Amino acid sequence: MRFLMLVCRDTEPVPDGAESGAPISDVDEWATTMDARGIRITGDPVAHQREAKAVRVRRGEIAVTDGPYLETKEILGGFDLLECRDMAEAIEVAAAHPFAREGVMELRPIREL
């Protein structure tokens, strides 16, 4: 099964005692490990939310809005496309990501058409 994993950081500080500020080297190590296991197909960080555009077409007119479409407590930082046996393995992979300690990894199964 393929999964899209959205890598998000919380905008609020992590509670006392929680790990904070995962070094990029930890993320690189996670990516290298998952690549070697054949689980991570691709992934990248995304640009800052101030560079985002929301695009809609209504009544044939294109409307473009600056910024992200959703206002949430998390900031989308990147994505990974995963190939896992099932949701249980995808959860294991997401939980191993360094940013899972300070943010949220959203897993979405990709519908096979």
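**Sheet, helices and hairpin in a predicted model**

Four strands form an open sheet in the order 2-5-1-6, with antiparallel pairing. Helices (H or I, at least four residues) and strands (E, at least two) are DSSP runs, numbered from the N terminus. Two strands count as paired if DSSP finds at least two bridges between them. Strand 2 (40–45) and strand 6 (103–109) stand at the edges. Each has a single partner strand, so one side of each is left without a neighbour in the sheet. From one strand to the next, the twist averages 20 degrees. Axes are lines fitted to C-alpha atoms, for helices over the stretch in contact, and angles run from 0 to 180 degrees between N-to-C directions.

The model is predicted; local features need pLDDT of at least 70, side-chain atom pairs count only at pLDDT 80 or more, and totals for chains, interfaces and linings use all residues. Residues are numbered from 1 along each chain as its sequence is written, and side-chain values use heavy atoms, with hydrogens and water left out. The pLDDT is the predictor's confidence in each residue, from 0 to 100. Its average over the protein is 87, and 85% of the residues score at least 70. Among the elements, helix 2 has the highest mean pLDDT (97) and strand 3 (residues 53–58) the lowest (90).

Within the sheet, strand 2 pairs with strand 5 (residues 74–83) in the antiparallel sense over five bridges. Here D44 stands opposite F79 of strand 5. Helix 1 (residues 24–36) packs on the sheet and touches strand 1 (2–10), strand 2 and strand 5. Contact means heavy atoms within 4.5 Å. The direction of helix 1 makes about 160 degrees with that of strand 2.

Helix 2 (residues 87–96) lies across strand 1, strand 5 and strand 6. It runs at about 155 degrees to strand 6. At the start of helix 2, a side-chain oxygen of D86 reaches to within 3.3 Å of the backbone nitrogen of A88. The buried residues of helix 2 are E89, A90, V93 and A94. Seen down the helix axis, they fall within an arc of 140 degrees, so they line one face of helix 2. The arc is that of the directions from the helix axis to the C-beta atoms. An α-helix has 3.6 residues a turn, so residues three or four places apart point the same way. On the other side of helix 2, A88 and A95 are exposed. Buried means under 20% relative accessible area, exposed over 50%, and partly exposed in between (1.4 Å probe, protein chains only). The cover over the buried residues of helix 2 includes strand 1, helix 1, strand 5 and strand 6. One of these buried residues, E89, has a relative accessible area of 7%. Leaving aside neighbours within four places in sequence, E89 is in contact with R37, I39 and C84.

Strand 3 and strand 4 (61–66) were examined next. They pair in the antiparallel sense over six bridges. R56 stands opposite A63 in strand 4. The hairpin of these strands has two residues between them, and R59 takes a positive phi near 50 degrees.

G67 lies in the loop between strand 4 and strand 5. This glycine is buried, with a relative accessible area of 13%. Its contacts, leaving aside neighbours within four places in sequence, are Q49, A52, K53 and A54. G67 and A52 are 15 residues apart along the chain, and their C-alpha atoms are separated by 4.6 Å.

How values were computed:
A polar contact is a pair of N or O atoms within 3.5 Å; within protein, one must be able to donate a hydrogen and the other to accept it, and residues adjacent in sequence count only if both atoms are side-chain atoms.
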